[in-house]
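Here are my notes for you, written as numbered points to read beside the model.

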Amino acid sequence: MNKTIKIADRIINADSPAFIVAEISGNHNGDYGRAVEIIHAAKEAGADAVKLQTYTPDTITLDCDNEHFKLNRGTIWDGVTLHALYQTAFTPWDWQPKLKEEAEKIGLICFSSPFDFTAVDFMAKLDMPAYKIASYEINDIPLIRKAAAQKKPVVIAIGIAYPEDISLALKTCRDEGNEDVIILKCVSAYPTNYEDVNLKSIPTLKAEYGCLIGLSDHTPGGVTALGAVSLGAVMVEKHLTLRRADGGPDAAFSMEPAEFAAMASQIRDLEKALGHSGYALTPKQIKEREGGRSLFVVNDITSGEILTPGNIRSIRPAAGLLPKYYDEVLGKTAVRDIPRGTPLSEDMYE
């Protein structure tokens with residue numbers, strides 16, 4: 001299976017370079033100028049796209065402080081109500097057309113995550129080229145259905161998904177006639193411990209669901225992203241901030257521009273090293289075969305003399321018969337004088 005999906009003008013498949021996405025999330029810290037700075041930093045760091053989040057506190061939750069709405073799951077936000085968290089993290093909708101235009105002006109793709117029907121409608125008006133379904137929305141089948149109905153690629157994070165959740169989300173997209181789905185391997189922990197990632201599931205997910213697979217990553221650094229690409233991930237999403245020290249709801253698990261740039265560069269180097277699935281020697285390797293081993297005359301041989309381990313050896317370089325003929329030539333008779341250092345050839349013995 002080598003499915004191809006197109007997001008804006010970018011072709012994404014198993015043979016294409018990984019699609020590297022910088023997630024802005026709430027790292028703008030309520031400052032439009034900072035959001036623009038992050039977009040430019042993403043471009044300089046080697047990202048292919050930036051991603052927004054399209055919600056307001058009231059479209060994603062309720063302004064309520066009972067036990068259901070106060071975070072207490074061992075997160076970095078525990079003790080805060082959902083509404084208060086999203087009030088600090090959301091990206092104002094009136095910014096988003098301008099941010100998309102700014103990204104496109106410098107050659108970046110811009111898309112977003114909708115969190116309710118109004119967000120899907122808003123994104124459709126902006127002609128967003130893809131819809132990212134966040135992990136916590138994996139069970140919101142009506143939302144997934146509406147996003148899929150836009151006939152744009154749907155990217156689905158599966159951080160809290162059981163297998164049956166993944167199957168239903170995919171079926172929902174396919175029932176809408178939308179086969180352009182990318183599943184993002186994800187761990188919904190912020191930050192994520194390396195031992196919880198389980199990258200080896202990427203080929204399993206690809207085989208099981210017949211989809212392109214990517215990674216939404218919250219581990220420190222770029223090593224997890226590199227591992228994912230080596231296992232077939234076609235998309236990598238990482239949070240980007242200007243400086244973690246500036247704070248913000250997502251700062252603790254976000255990359256700074258220099259870190260993001262190092263990761264992007266390493267991914268591109270890794271892709272060169274991964275090459276293709278066929279086995280063949282490069283022209284350089286073929287040339288280097290001249291440095292391999294072959295049969296040489298290692299002591300002067302006179303005509304009529306027997307070839308023995310004392311006068312024939314397998315040594316470097318590869319100018320004579322291959323060593324696999326060693327046993328065959330032992331005991332043969334030289335048909336002429338052969339000086340030491342001569343590569344052995346078939347016309348020298350009988």
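**Notes on the predicted model**

1. Let me start with a charge over a ring. Lysine 98 lies over the face of tyrosine 32, with 4.7 Å to the ring centre. Lysine 146 is placed over the face of phenylalanine 117, at 5.5 Å from the ring centre. A charge counts as over a ring if NZ of Lys or CZ of Arg is within 6 Å of the ring centre and within 35 degrees of the ring normal.

2. A word on the ground rules. This is a predicted model, in which local features need pLDDT of at least 70 and side-chain atom pairs count only at pLDDT 80 or more, while totals for chains, interfaces and linings use all residues. Residues are numbered from 1 along each chain as its sequence is written, and side-chain values use heavy atoms, with hydrogens and water left out.

3. Next, the aromatic pairs. The whole structure has 7 of them; rings of Phe, Tyr and Trp (its six-membered ring) pair if their centres lie within 6.5 Å, and planes under 30 degrees apart count as stacked, over 60 as edge-to-face and the rest as tilted. The rings of tyrosine 55 and phenylalanine 115 form an edge-to-face pair, because their planes are at 80°, with the centres 5.2 Å apart. Tyrosine 55 sits in the loop between strand 4 (49-54) and helix 2 (57-60), and phenylalanine 115 in the loop between strand 5 (109-114) and helix 5 (117-125), so the pair ties together parts that are 60 residues apart in sequence. Helices (H or I, at least four residues) and strands (E, at least two) are DSSP runs, numbered from the N terminus. Tyrosine 55 and phenylalanine 115 are both buried, where buried means under 20% relative accessible area, exposed over 50%, and partly exposed in between (1.4 Å probe, protein chains only). Tyr55, Tyr86 and Phe115 make up one aromatic cluster.

4. How are the rings of tryptophan 77 and tyrosine 190 arranged? Their centres are 5.7 Å apart and their planes at 45°, so the pair is tilted. This pair links distant parts of the chain, 113 residues apart: tryptophan 77 is in the loop between helix 2 and helix 3 (82-89), and tyrosine 190 in the loop between strand 8 (181-186) and helix 8 (201-209). Tryptophan 77 is buried, at 15% relative accessible area, and tyrosine 190 also counts as buried, at 19%.

5. Another cis peptide bond joins arginine 316 and proline 317, with omega about 5°; proline 317 is in the loop between strand 12 (312-315) and helix 12 (326-329).

6. Now the largest pocket, which holds about 750 Å³ of space. On a 1 Å grid over the protein atoms alone, a pocket is an open set of points with protein on both sides within 12 Å along at least five of seven lines, whereas a cavity is a set where a 1.4 Å probe fits but cannot get out; lining residues have an atom within 4 Å of a point. Of its 33 lining residues, Tyr86, Phe115, Tyr136, Glu137 and Tyr190 are the closest to the centre. Helix 3 gives the most to this lining, with 4 residues.

7. By class, the lining of the largest pocket has 16 nonpolar, 9 polar and 8 charged residues. Here Ala, Val, Leu, Ile, Met, Phe, Trp, Tyr, Cys and Pro count as nonpolar, Asp, Glu, Lys and Arg as charged, and the others, Gly among them, as polar.

8. For the cysteines, a search of the whole structure finds 0 disulfides, a disulfide being a pair of cysteine sulfur atoms within 2.5 Å. For cysteine 110, the nearest cysteine sulfur is that of cysteine 186, 20 Å away. For cysteine 211, the nearest is that of cysteine 173, 8.5 Å away. Cysteine 110 is buried, with a relative accessible area of 1%, and cysteine 211 is buried at 2%.

9. Alanine 8 has a positive phi of about 55° although it is not a glycine, and counts as partly exposed at 41% relative accessibility. Serine 25, also not a glycine, has a positive phi of about 45°, but serine 25 counts as buried, at 1%.

Technical notes: Grid points are joined across faces, edges and corners, and a volume is the space filled by probe spheres set on the points.
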